[in-house]
Amino acid sequence: QVQLVESGGGLVQAGGSLRLSCAASGSIFSSSNMGWYRQPPGKQRELVATIRSGGTLNYVDSVKGRFAISRDNFKNTVYLQMNSLKPEDTAVYYCNANNYYMDYWGKGTLVTVSS
């Protein structure tokens, strides 16, 4: 079984930065597509950023130019660098790993951005 563990969330002022990490177990990281999703209070979960196993990147429009997703296959870890944070970025952020054979989710890490 694959396990995903997110870390790096916390409280930050508007304009500040955070870096989220997602550590994956199971020795399948390099062949998996990785993504970050978030669920703001009272709203539905949305896709934030993805990085495919081949390196292709995608971002939701609201974070383009501010967030950057990356992966380190040697450490089996995916990152989300978040800069110029806004109060509307406040959400629980979830890590996802998927390929043809599986689809796994972490338990989430809370990011709170104060104005």
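User: Why is Y100 called exposed?

Analyst: Happy to walk through it! In this predicted model, Y100 has a relative accessible area of 77%.

User: What makes the pair of Y100 and Y101 edge-to-face?

Analyst: The search of the whole structure turns up two aromatic pairs. For Y100 and Y101, the ring centres are 5.2 Å apart, and the limit for pairing is 6.5 Å. Their planes meet at 85 degrees, and over 60 counts as edge-to-face, so that is the name this pair gets.

User: Now T90: why does T90 count as buried?

Analyst: T90 has a relative accessibility of 16%. Buried means under 20%, so T90 qualifies. T90 belongs to the loop between β8 (77-82) and β9 (91-98). Beyond its neighbours within four places in sequence, T90 touches P40, P41, V111, T112 and V113.

User: How do you know that the side chain of T90 makes a polar contact with P87?

Analyst: The T90 side chain comes to 2.9 Å from the backbone oxygen of P87, and the cut-off is 3.5 Å. A polar atom of the T90 side chain is also 2.9 Å from the backbone nitrogen of V113.

User: And what makes R45 sit over the ring of Y37?

Analyst: The charged end of R45 is 5.6 Å from the centre of the Y37 ring, against a distance limit of 6 Å. R45 is listed as sitting over that ring.

Technical notes
Residues are numbered from 1 along each chain as its sequence is written. This is a predicted model: local features need pLDDT of at least 70, side-chain atom pairs count only at pLDDT 80 or more; totals for chains, interfaces and linings use all residues. Side-chain values use heavy atoms; hydrogens and water are left out. Helices (H or I, at least four residues) and strands (E, at least two) are DSSP runs, numbered from the N terminus. Buried means under 20% relative accessible area, exposed over 50%, partly exposed in between (1.4 Å probe, protein chains only). A polar contact is a pair of N or O atoms within 3.5 Å; within protein, one must be able to donate a hydrogen and the other to accept it, and residues adjacent in sequence count only if both atoms are side-chain atoms. Contact means heavy atoms within 4.5 Å. Rings of Phe, Tyr and Trp (its six-membered ring) pair if their centres lie within 6.5 Å; planes under 30 degrees apart count as stacked, over 60 as edge-to-face and the rest as tilted. A charge sits over a ring if NZ of Lys or CZ of Arg is within 6 Å of the ring centre and within 35 degrees of the ring normal.
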